[in-house]
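Subject: Structure handover

Dear colleague,

Please find the structure below.

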Amino acid sequence: MKVAVEFYSVLRDVAGLERLDHEAPDEGIFRVADLLDALYGMFPGLRDWDSRLHIAVDLEFTHRDARLRDGQEVSIMPPFQGG
C-alpha cells in the first residue's frame, strides 16, 4: 500500500522535502498514527511538533485513529496562524 505525504510550511524544512510517497505494510490495518510513527523514524525533528500537528486525508481533516487506504494523500501541517 502506498500513500502520498505532503508537508506544509515549516514542516517542509524539518523533513527536507515537500512530498514523499510512503510504502506501508500491506498486511493489517495502517492508521494515521502508524504513518506518523514511521515519519518520526525518518525525520526525528517532526516528533517535536507531534502535539501540534494538523492532519488531513484527501483534503479532509482527520484524527490519528483514521484508517489509511492505498492511494490516499495525507497532509501534515503545523499549527495555523491567523491574522
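Aspartate 50 counts as partly exposed, at 26% relative accessibility; buried means under 20% relative accessible area, exposed over 50%, and partly exposed in between, with a 1.4 Å probe and protein chains only. This is a predicted model, in which local features need pLDDT of at least 70 and side-chain atom pairs count only at pLDDT 80 or more, while totals for chains, interfaces and linings use all residues. Residues are numbered from 1 along each chain as its sequence is written, and side-chain values use heavy atoms, with hydrogens and water left out.

Salt bridges

The side chain of aspartate 50 meets that of arginine 64 in a salt bridge, at 2.7 Å from N to O. The term stands for a side-chain nitrogen of Lys or Arg within 4 Å of a carboxyl oxygen of Asp or Glu. Arginine 64 lies in the loop between strand 4 and strand 5, and aspartate 50 in the loop between helix 2 and strand 3, so the pair ties together parts 14 residues apart in sequence. Helices (H or I, at least four residues) and strands (E, at least two) are DSSP runs, numbered from the N terminus. Arginine 64 is partly exposed, with a relative accessible area of 29%.

The count of salt bridges comes to 3. Glutamate 6 and arginine 19 form one of them, at 2.8 Å from N to O. This pair links strand 1 to strand 2 (residues 19-23), across 13 residues. Arginine 19 also forms a salt bridge with glutamate 73, where the closest N and O atoms are 3.4 Å apart. Arginine 19 lies in strand 2 and glutamate 73 in strand 5, so this pair ties together parts 54 residues apart in sequence. Through shared partners, Glu6, Arg19 and Glu73 are joined into one network. Glutamate 6 is buried at 17% relative accessibility, whereas arginine 19 is partly exposed at 42% and glutamate 73 is partly exposed at 25%.

Core

The largest nonpolar core has 24 residues, and those touching the most other members are Val5, Phe7, Leu35, Leu39, Leu53, Leu68 and Ile76. Such a core is a set of buried Ala, Val, Leu, Ile, Met, Phe, Trp, Tyr and Cys residues joined through side-chain atoms within 4.5 Å. Two or more residues each come from strand 1, helix 1 (10-15), helix 2, strand 3 and strand 5. Helix 2 gives the largest share, 5 residues.

Aromatic rings

The whole structure holds 2 aromatic pairs. Rings of Phe, Tyr and Trp (its six-membered ring) pair if their centres lie within 6.5 Å; planes under 30 degrees apart count as stacked, over 60 as edge-to-face and the rest as tilted. Phenylalanine 7 and phenylalanine 43 are edge-to-face, at 5.8 Å centre to centre and 80 degrees between the planes. They are 36 residues apart, with phenylalanine 7 in strand 1 (residues 2-7) and phenylalanine 43 in the loop between helix 2 (32-42) and strand 3 (54-57). Phenylalanine 7 is buried, at 0% relative accessible area, and phenylalanine 43 is buried at 13%. The rings of phenylalanine 61 and phenylalanine 80 are also edge-to-face, with centres 5.9 Å apart and planes at 80 degrees. Phenylalanine 61 is exposed at 56%, and phenylalanine 80 is exposed at 51%.

Regards
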